[in-house]
Amino acid sequence: MTWEWYQKRIAEFFRRVPRARVAEDVKVVGRSGVKRQLDVQIFLPMEVKLSEEITVTVDIHIVVDAKKHKKPVEIGLVGQVDDLRDDIGAHLAIIASPLGFTKGAQRRAPKVNVALLVVTSDLLEMLNKVKIPWLHSCQNYLCEEGRGYIDWTLRSDKRQAVLGSCQYCDVLHVLCPDCGAVFVVHEFDEGKPLKCPGCDRIYRAGRDEIHEPWVEVRDELDVMLMAAAHANQSKRISKGKAEKIIGRTKWQHAAGPTRNITASGLMQWTASGEFLCLTEDGREDYETFIQAAEEASQ
Ligand SMILES: [Zn+2]
Ligand SMILES: [Zn+2]
C-alpha cells in the first residue's frame, strides 16, 4: 500500500459526497502572501436554513494535510496546520496520518479547527459532525426517478456500515464507511453477499420478520486473511504470510490488525502464535458468505 494510495482514498471518499468539489495537489497563495501547497482541497456545499422561507447554500472549505511520517504526528504540527488553514481561509483542516498521533497532538486538535484522521472510515463521522446533508437519490431502478431520497437514519454503526431506506419506495441502501460508496440492496438481493462497488468490503443486508433492518460486513483485511488460509489444505497461514497481507492494508488497521477477525471467532492464532487458522465457523463463513460474493461479482 503506497502513500499516494492513502491520499487518493481520502480524495475519493469526498468525491462520493454529492455536489462536493475535490482537487489534489493544489497550489494557492495565502492571505500572508506565501505560496501554499495543499494535498487535498474540498468544497462542500451545505444548506443553511435562515427562516421558513430563506435557505442559503454555504461552501464549507476543508483542507487535508497528509503526513507521510514514519512515526505518530506530534503537537507542533497541529499548530502549523491550523496556521495553514487560517492563512488560506479554510473552515476545517484534516491531518491524515496512518500511524496515528501523539497524546499532545490529540489534546491540541479539539482546541483549534483541526481534525485528526487515522483510518478513512473516520471521515464519515467527521461529515456527520458538520451535518453535511447526504442527498443521495434512490438507486432502485424500479423507483420513480427523482422521487426517492435516502433516509440514512435507519441504522448507523459508523465503523461497520450505515443503512438507509428510500423514503419513496422503502428499498434498503448501504453507505460504506470505508470508501463512501452508496449502493442499493434490492429485495431479491437481501441476505445475499454483495461486494461494495468502491472497495473490497463484503456486505450482507436485509430485513427480519418484523421488518427491522440488519447488516453484516467483512472488511478487506479479514477477507484477504480468510481467502489465503482457505486456499491452503491446512486452512491456516504462517505469521510471516499474515504479516505480508497486513502490510498491504495496515493503514486501514492501525490498532491490532487481526483483532477484528479473531474477536468474531472466524480465525484464531495458535497458542505459539505461529499460525493464524480458520475456525470451523470461519470456514463455513468463507464458503457461504465471501466466496459467494466473489463469484457473484465476477
Ligand atoms: Zn426509491
Ligand atoms: Zn466500500
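Biologist: Why does cysteine 169 count as partly exposed?

Modeller: Because its relative accessibility is 27%, and partly exposed is the class between buried, under 20% relative accessible area, and exposed, over 50%, with a 1.4 Å probe and protein chains only. Before we go on, this is a predicted model, in which local features need pLDDT of at least 70, side-chain atom pairs count only at pLDDT 80 or more, and totals for chains, interfaces and linings use all residues. Residues are numbered from 1 along each chain as written, chains are lettered from A and ligands numbered from 1 in written order, and side-chain values use heavy atoms, leaving out hydrogens and water.

Biologist: What makes cysteine 166 buried?

Modeller: Its relative accessible area is 2%, and under 20% is called buried, so cysteine 166 belongs in that class.

Biologist: Which residues coordinate the zinc ion (ligand 1)?

Modeller: Cys138, Cys143, Cys166 and Cys169 do, each through SG, at 2.3 to 2.4 Å. Donors are N, O and S atoms within 2.8 Å of the metal (3.2 Å for Na, K and Ca); water is not among the atoms, so sites may look incomplete. Along the chain, the donors of the zinc ion follow the spacing C-x4-C-x22-C-x2-C.

Biologist: Why is the site of the zinc ion called tetrahedral?

Modeller: The angles among its four donor atoms are 106 to 118°.

Biologist: What places threonine 262 among the partly exposed residues?

Modeller: Its relative accessibility of 29% does. Threonine 262 is found in helix H7, residues 259-263; helices are DSSP runs (H or I, at least four residues), strands are E runs of at least two, and both are numbered from the N terminus.

Biologist: Which residues is threonine 262 in contact with, leaving aside its neighbours within four places in sequence?

Modeller: Met267, Gln268, Trp269 and Leu276, where contact means heavy atoms within 4.5 Å.

Biologist: How many residues has the largest nonpolar core?

Modeller: It has 29 residues, and Phe14, Leu44 and Ile94 have the most contacts inside it. Such a core is a set of buried Ala, Val, Leu, Ile, Met, Phe, Trp, Tyr and Cys residues joined through side-chain atoms within 4.5 Å. H1 gives the largest share of this core, five residues.

Biologist: How do you know that this core lies between domain 1 and domain 2?

Modeller: Both domain 1 (3-129) and domain 2 (150-218) give residues to this core, so it lies between them. The domain bounds come from an automatic or database domain assignment.

Methods
Tetrahedral: all angles 85-135°; square planar, octahedral: opposite > 155°, others 65-115°.
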